[in-house]
Amino acid sequence: MSEVVIVGGGIAGLATAYELKRRGIPFVLLERGARAGGVILSEEVDGFVLDGGPDALLIQKPDGIALCHELGIGDRLVPTKLPRLAYIQRGGRLHALPAASVLGIPTEWGPFIKTRLFSWPGKIRMGMELFVPPRQDDRDESIGAFMTRRFGREASTYLAEPLLAGIHAGDVDRLSIRALFPRFVEAERKHGSLLKAFRPKAGASAESRRPNPDGAFKSLPGGLSELVRALLKVLPADAIQLNTTVTRVSGDGPYIVEREDGARLEARAVVLAAPAYATAAITRDFDAELSRVCGEIPYASAATIALAFKREQVAHPLNGSGFVVPRVEKTGIMAGSWLSSKWPHRAPEGSVLLRTFVGGARDPRALEQSDRELVDVSMRALAPLVGITGPPLLTRVFRWNRANAQHEVGHLDRLAAIDRAVARHPGVFVTGSGFRGTGIPDCVADGRNTAGRVDEYLRRDGNLRI
């Protein structure tokens, strides 16, 4: 009998395994794919370092950074290169996101007034946010509804849709503001206005208002797969079973985890760290209500396309991290990232590395296109914006089918229903981006917290046997 079986080897499952190992609790991790890490995937090709999935760890949420330090790779973390400009496409041109802003919400008036990203009526409406009364009830609403209510339609179209919803490859009119940006909801509740909440405090020194010299993100020279490799290095090799699909969970403690090949594992605790739709399939006969609610969490598919060029092939200075594309621009891509400008040593001397994002809720059939077609879409979108001449030196398409959990309006209620269902089965736990948090730091934090709850459960009544 195993103490713990973890189903799913993405970053949440690996973080759970790491914390269990740190606490001295034996486990077996079952991953259906040929590798661990989930959407974290880095490759080195001809001197280029390509991240197919996420390429950064958010500093503001420290759990990912802290894990790197614990694993002994903290000294390899590098901040984004300067300057830290980001752009938004409008009318076929790139406009720098105004400085002194929080996800586009201005904290100082000067840069906001000067920008050509917004029309004067749009700027006036955004400034009127100071006088928009706060909402008086606790009902959930979409990011689009929240931003339109507070800042107007133009802000929703050119900020919220490409920037806030784009992070999650989702639909701005369906994603939940409470689930994904609770800070905004709390700012409205506490201050009555986001402009008031985010402006510099009276008497704040110039030093305190200066941005963090390390920026908002850090990464690793070999891509974020370095983090996965470091985790696997400290975990027992015989505890990680790849190419292993779980089909069913049964029992009432101890539990039976059934594999596709017919093998059955008995466990005192089970951690379901798979996507919500996979958890729904695994628990269909175990708990119909748990399965139903997990199955209600939608997912979007997306692809990232890496393209490398000689530096002289690209006219734009690439002085920033990249750009996002509002849906109304209809270019076929959601965003473009200038990886060799963001991070040191991602491209050989004299070369540049770019990356585009396609699909998501905006274009759910994007992955039906061939790799060649996706590259062509990217080239047509990039060429007029950054002045590309000639074909790329190399291209690489990464496909992520049903990889982006969509925390839509009502997600927190669905999560509460999942937690109630799981509570009926002591020793069963869920974690991962389909449930709480969507980025690497959130998944690391939730995975480790889940391991802590597993520890508490096993030690209760002397269940733990080591």
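The model is predicted. It contains 2 cavities of 30 Å³ or more.

## The largest nonpolar core

The largest nonpolar core comprises 41 residues, and Val4, Ile6, Phe27 and Leu227 are the members that touch the most others. At least two core residues come from each of the following elements: strand 1 (2-7), helix 1 (11-22), strand 2 (27-30), helix 2 (63-70), helix 11 (225-234), strand 15 (264-272) and helix 17 (440-459).

Which residues does isoleucine 6 contact, leaving aside its neighbours within four places in sequence? The contacts are Gly13, Thr16, Ala17, Leu20, Phe27, Val28, Leu29, Leu30, Val271 and Ala273. One of these partners, Phe27, is likewise among the core members with the most contacts to other members.

## Cysteines

The structure holds 0 disulfides. Cysteine 68 takes part in no disulfide, and the nearest cysteine sulfur, belonging to cysteine 443, is 14 Å away. Likewise, cysteine 443 is in no disulfide, with the sulfur of cysteine 68 as the nearest cysteine sulfur at 14 Å. A pair of sulfur atoms must lie within 2.5 Å to count as a disulfide.

Are these cysteines buried or exposed? Cysteine 68 counts as buried because its relative accessibility is 0%. Cysteine 443 also counts as buried, because its relative accessibility is 5%.

## Alanine 100

Alanine 100 lies in the loop between strand 8 (93-96) and strand 9 (101-102). With a relative accessibility of 28%, alanine 100 counts as partly exposed, since that class falls between the limits of 20% and 50%.

Not counting residues up to four places away in sequence, alanine 100 touches Ile105, Pro106, Thr107 and Glu108. How far apart in space are alanine 100 and aspartate 75, C-alpha to C-alpha? The distance is 29 Å, and the two residues are separated by 25 residues in sequence.

Technical notes
Residues are numbered from 1 along each chain as its sequence is written. This is a predicted model: local features need pLDDT of at least 70, side-chain atom pairs count only at pLDDT 80 or more; totals for chains, interfaces and linings use all residues. Side-chain values use heavy atoms; hydrogens and water are left out. On a 1 Å grid over the protein atoms alone, a cavity is a set of points where a 1.4 Å probe fits but cannot get out, and a pocket is an open set with protein on both sides within 12 Å along at least five of seven lines; lining residues have an atom within 4 Å of a point. Grid points are joined across faces, edges and corners, and a volume is the space filled by probe spheres set on the points. A nonpolar core is a set of buried Ala, Val, Leu, Ile, Met, Phe, Trp, Tyr and Cys residues joined through side-chain atoms within 4.5 Å. Buried means under 20% relative accessible area, exposed over 50%, partly exposed in between (1.4 Å probe, protein chains only). Helices (H or I, at least four residues) and strands (E, at least two) are DSSP runs, numbered from the N terminus. Contact means heavy atoms within 4.5 Å.
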